[in-house]
Amino acid sequence: MTDEPVRLSAWVHGYVQGVGFRWWTRSRALELGLVGYARNHRDGRVHVVAEGPRQHCEALLELLRSGDTPGRVDLVVEDWGAVQGDMSGFEER
């Protein structure tokens, strides 16, 4: 694990809408000092985008997969990229 800044894009599948999942994700991301957003999609998934130190993004990813989230997470598909630096705070969209 490193402190190198990265961008995590995570598509969360399962029963994750209407259960406080985005609020929960926002709270965990802010505790980790990350910026980004959690957004509902029409197909029932939630798209989580977070930027910050790689170890903090990895910690958020572990939390998303932990089984301790609101609702039920069946699958998290992750993608890593370079920081774009176009966000501040962490929003529920």
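This is a predicted model: local features need pLDDT of at least 70, side-chain atom pairs count only at pLDDT 80 or more; totals for chains, interfaces and linings use all residues.
**Entry 1**

I started with the strands. I found an open sheet of five, in the order β4-β1-β3-β2-β5, with mixed pairing. I then looked at the edges, which are β4 (72–81) and β5 (90–92). Each has a single partner strand, so one side of each is left without a neighbour in the sheet. I also noted the twist, which averages 15 degrees from one strand to the next.

**Entry 1: who pairs with whom**

Next I went through the pairings. β1 and β3 are antiparallel and share eight bridges. In that pair I picked out Val6, which sits opposite Gly52 of β3.

β2 and β3 are antiparallel too, joined by six bridges. Here Arg39 faces His47 in β3. These two strands make a hairpin with five residues between them. I checked the turn and found Gly44 there, with a positive phi of about 100 degrees.

On to β2 (residues 35–40) and β5: these run parallel, with three bridges between them. Ala38 stands opposite Glu92 in β5.

How many of the eight residues of β3 are buried? I counted seven, so β3 is largely enclosed by the rest of the structure.

**Entry 2: the helices**

I moved on to α1 (residues 21–31). It lies across β1 (5–15), β2, β3 (46–53), β4 and β5, and runs at about 175 degrees to β5. Helix α2 (residues 54–64) lies across β1, β3 and β4, at about 150 degrees to β3.

How do the two helices meet? Their axes come within 10 Å and cross at roughly 150 degrees. Since angles over 145 count as roughly antiparallel, that makes α1 roughly antiparallel to α2. The crossing is right-handed. On the α1 side, the contact uses Phe21, Trp24, Thr25, Arg28 and Ala29. On the α2 side, I wrote down Leu60, Leu63 and Leu64.

Which residues of α1 are buried? My list reads Phe21, Trp24, Thr25, Ser27, Arg28 and Ala29. A reminder to myself: an α-helix has 3.6 residues a turn, so residues three or four places apart point the same way. The buried residues of α1 pack against β1, β2, β3, α2, β4 and β5. After α1 comes Gly33, and its phi is positive, near 75 degrees.

Thr25 lies in helix α1. Is Thr25 buried or exposed? Its relative accessibility is 0%, so it counts as buried. Leaving out neighbours within four places in sequence, I found Thr25 in contact with Ala38, Val48, Leu60, Leu64 and Phe90.

Ala38, over in strand β2, is also on record here as buried, with a relative accessible area of 0%. Thr25 and Ala38 are 13 residues apart along the chain, and their C-alpha atoms are separated by 7.1 Å. Not counting residues up to four places away, Ala38 touches Arg22, Thr25, Val46, His47, Val48, Phe90, Glu91, Glu92 and Arg93.

**Entry 3: the nonpolar core**

Then I looked for the largest nonpolar core, and it has 19 residues. Which of them have the most contacts inside it? I noted Ala10, Val12, Val46, Val48, Leu60 and Leu64. β1, α1, β3 and α2 each supply at least two residues of this core. For background: in soluble globular proteins, nonpolar side chains tend to be buried together.

I followed up on Val46. With neighbours within four places set aside, its contacts include Ala10, Trp11, Val12, Val16, Phe21 and Ala38. Gln17, Arg22, Arg39 and Asn40 are among them as well.

Last stop: Val76, in strand β4. Val76 has 8% relative accessibility and counts as buried, the cut-off being under 20%.

What does Val76 touch beyond its neighbours within four places in sequence? I found Ala10, Trp11 and Val12, plus Leu61, Leu64 and Arg65. Val76 and Val12 are 64 residues apart in sequence, yet 4.6 Å apart in space, C-alpha to C-alpha.

How values were computed. Residues are numbered from 1 along each chain as its sequence is written. Side-chain values use heavy atoms; hydrogens and water are left out. Two strands pair if DSSP finds at least two bridges between them. Helices (H or I, at least four residues) and strands (E, at least two) are DSSP runs, numbered from the N terminus. Axes are lines fitted to C-alpha atoms, for helices over the stretch in contact, and angles run from 0 to 180 degrees between N-to-C directions. Contact means heavy atoms within 4.5 Å. Buried means under 20% relative accessible area, exposed over 50%, partly exposed in between (1.4 Å probe, protein chains only). A nonpolar core is a set of buried Ala, Val, Leu, Ile, Met, Phe, Trp, Tyr and Cys residues joined through side-chain atoms within 4.5 Å. Angles under 35 degrees count as roughly parallel, over 145 as roughly antiparallel, 65 to 115 as roughly perpendicular and the rest as oblique. A crossing is left-handed if the near helix is turned anticlockwise from the far one by less than a right angle, and right-handed if clockwise.
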